[in-house]
Amino acid sequence: MKLTTAVTAAVLMLPLAVPAAPAPGKGAAKAPATEKQEKVDTYHGTEVKDPYQWLESSGDAKVQQWNDAQNAHTRAILDKLPGREGLRQRISELLSWKSPGYGALEDAGGTLFAMKSQPPKQQAFLVVLGSVDDTSKERVLVDPMVVDPSGHTTIDWYVPTLDGKKVAVSLSKNGTESGDVTVYDVATGKALPGEVVPKVNGGTAGGSLAWNAEGTGYFYTRYPRGEERPAADRDFFQQVYFHQLGTPTEKDTYALGKDFPRIAMTELETSHDGQYTSALVANGDGGEFMLYLRGPSKQWTQVSKFEDKVIRARFGHDGALYLVSRKDAPRGKVLRLPLATPTLDKATVLVPEGEASIQGIFPAKSRVYVNEQLGGPSQVRMVDLKGQVLGLVPTLPVSSVGGLVSAGGDDILFVNTSFVQPMAWYRYSAKDNKVTKTALARTSPMDLSDVDVVRTEATSKDGTKVPVTILKKKGTKLDGKNPALLTGYGGFNVSISPGFSALTGLWLEQGGVYAVANLRGGSEFGEKWHAEGSLTKKQNVFDDFYAAAKLLVDQKYTQPKKLAIQGGSNGGLLMGAAVTQHPEMYGAVVARVGIYDMLRVELTPNGQFNITEYGTVKDPEQFKALRAYSPFHNVKDGTQYPSVLFTSGANDPRVDPFHSRKMVARMQEATTSKRPVLLRANAETGHGAGTPLNARIEEEVDVYSFVFNELGMKYRPPAKKVSAPPPQ
């Protein structure tokens with residue numbers, strides 16, 4: 001889509017002067033010069049210069065030459081940093097820890113499926129579990145490394161039939177997230193011949209699938225094919241089609257979606273008896289949804305509209321659909337809607353709005369489990385089918401809980417992890433109100449029992465209290481001399497919840513302080529919290545983050561030259577805003593796959609899905625807000641910027657790598673400090689999904705050696721390897 005409010009004029013074309021890539025170690029101290037071309041965009045009468053707009057052309061040979069020169073400059077600096085090989089050994093050891101991790105657990109017809117990650121495997125693989133208490137009985141069903149030994153194919157998601165005899169698997173390559181669906185026979189592990197449906201999943205609108213009751217076909221999300229729409233529209237207009245097994249995909253039939261928004265994203269689900277299918281349709285990324293239902297009549301009917309603020313839907317076992325609604329309840333309420341009369345006026349309130357923000361629901365046989373969050377950590381509350389509160393599921397302190405799966409009747413399996421405990425699956429017995437750990441549990445490659453987890457609050461510019469979690473070794477002196485690493489996200493209703501990270505452990509064992517800020521824009525406190533950090537109020541997110549950084553300095557955890565910050569995607573935008581608004585506050589910045597040109601982001605496919613979260617330059621007030629914080633447009637000449645490392649992936653379907661290119665060029669031009677501004681552009685990865693293990697290790701070695709060097713840290717090998725003692 002072209003901007004109707006912007007006029008672009010090429011006033012003067014300067015001669016191209018992109019230097020050849022320097023040899024490592026030779027002439028690498030100075031960044032390659034970048035040509036400027038005089039470009040002016042006009043928005044609502046405001047002229048905006050854009051001298052690096054030419055770097056947006058990813059396929060251009062001149063851009064590739066510039067990219068190669070920047071990568072060579074980066075390599076020449078990073079490859080000779082002190083302590084790098086020690087860090088490489090430790091990071092490889094931590095990320096290659098052989099204790100397996102299990103995720104995406106699903107029960108279908110009594111068969112348990114899970115995604116398993118186990119280094120040195122480059123990608124997670126799909127397994128069938130005989131029991132959650134005995135992993136020796138599991139078998140591999142689909143291994144991407146067998147499909148593609150290069151390690152660049154990944155499983156996006158999988159959906160088994162209701163009887164568990166077949167499973168549909170979305171597979172994509174090179175981080176593109178463009179997933180084709182193949183159907184596998186669960187008994188034999190073999191793919192059904194001819195059963196491949198192309199691009200059910202995409203990097204813009206995602207993808208989903210729901211089987212029919214018999215397992216003979218499935219509804220799926222379909223993007224435009226062939227010449228159905230112009231090339232510019234092929235990542236949009238997602239609709240729902242039905243595929244009958246044994247028939248060519250060209251004969252798949254339309255089901256729903258001709259009237260959906262251009263930026264629709266649909267999640268499909270089948271009821272336990274297979275008689276109903278739901279379609280929850282998002283209006284881009286801003287948090288608006290509408291719900292459709294298909295029942296025994298075989299007709300699709302609309303249950304809710306965007307303004308009804310229904311954000312989740314799950315089928316119960318009692319002939320009802322359970323909904324999470326934020327209508328007149330910013331923190332969420334749970335509704336029960338009888339499937340016999342599926343109109344919202346027939347819904348009753350099962351769980352009214354409370355202090356916590358309701359994130360999801362899981363209906364069991366005679367109770368409903370409600371996943372709630374309060375400022376970051378999460379919990380699971382239980383109510384019976386009349387709404388009577390039954391208490392909380394016992395979980396780890398300051399932890400994340402989710403992934404609920406039926407274990408029969410009212411019993412469930414759930415995953416629980418904290419900052420100091422690796423993820424594990426637990427069984428909750430409703431009758432005994434007891435939790436037991438299953439065999440699906442990761443062990444830790446290090447002992448974090450001597451880590452303090454401090455929950456505190458920073459005060460933002462407008463007085464808002466912002467939760468901050470601080471991790472430090474017991475006995476750490478608060479003398480302002482500790483290296484500290486702060487991260488945050490703040491957007492898209494995404495909350496940063498507690499999670500175990502071996503790399504955080506690495507930071508802590510090297511004497512660092514680690515902090516997480518739960519910023520507005522997420523869903524930590526419901527929709528009001530999200531709304532106060534989106535659209536024209538996005539600046540609140542950056543004020544919140546600065547308040548968290550200031551807290552770390554004021555309370556003498558660290559000092560500005562010892563404070564590093566990192567974030568990715570929307571968190572990369574956060575990094576760009578942080579470094580341009582308060583360059584004096586940070587010693588090093590790691591900005592991964594971020595958005596930096598807020599005036600041109602909507603010209604990219606996924607950028608159009610972001611409009612409902614960020615706003616559009618077509619709206620005068622939203623343009624004003626975007627221009628005010630857009631990192632690329634707020635880099636100031638003559639400023640002493642701290643060290644910054646930008647990362648990007650050439651196949652990124654969510655954030656175009658041009659953002660990183662333009663931001664690097666502009667910052668290299670403007671900074672007057674001697675600190676490096678570097679670009680690490682990977683030609684074989686995307687936004688992060690599907691990145692092979694080895695590629696992830698290489699990136700983290702670069703990141704940590706960069707941060708260590710810029711903060712004046714010296715890597716010290718740990719005295720000995722110690723596994724964590726069993727949890728009490």
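Where in the structure is Arg-600 found? Select Arg-600 in this predicted model, and you will find yourself in the loop that runs between strand 37 (588-592) and helix 8 (605-609). With a relative accessibility of 11%, Arg-600 counts as buried, because that value is under the 20% limit. Show the residues around Arg-600 next, leaving aside those up to four places away in sequence, and the ones that Arg-600 touches are Asp-41, Tyr-43, Asp-50, Gln-53, Glu-56, Phe-658 and Lys-662.

The next stops concern the backbone. Most residues other than glycine have a negative phi, and most peptide bonds are trans.

Move to Glu-177, in the loop between strand 9 (166-173) and strand 10 (179-185), where phi is positive, near 65°, in a residue that is not glycine. Glu-177 also counts as buried, at 6% relative accessibility.

Now select Val-398, which sits in the loop linking strand 27 (389-392) with strand 28 (399-406), and which, although not a glycine, has a positive phi of about 45°. Is Val-398 buried or partly exposed? Its relative accessible area is 28%, so Val-398 is partly exposed.

Finish at Pro-119 and Pro-120, where the peptide bond leading from the former to the latter is cis, with omega near 10°. Pro-120 itself belongs to the loop between strand 5 (111-117) and strand 6 (125-129).

Notes. Residues are numbered from 1 along each chain as its sequence is written. This is a predicted model: local features need pLDDT of at least 70, side-chain atom pairs count only at pLDDT 80 or more; totals for chains, interfaces and linings use all residues. Side-chain values use heavy atoms; hydrogens and water are left out. Helices (H or I, at least four residues) and strands (E, at least two) are DSSP runs, numbered from the N terminus. Buried means under 20% relative accessible area, exposed over 50%, partly exposed in between (1.4 Å probe, protein chains only). Contact means heavy atoms within 4.5 Å.
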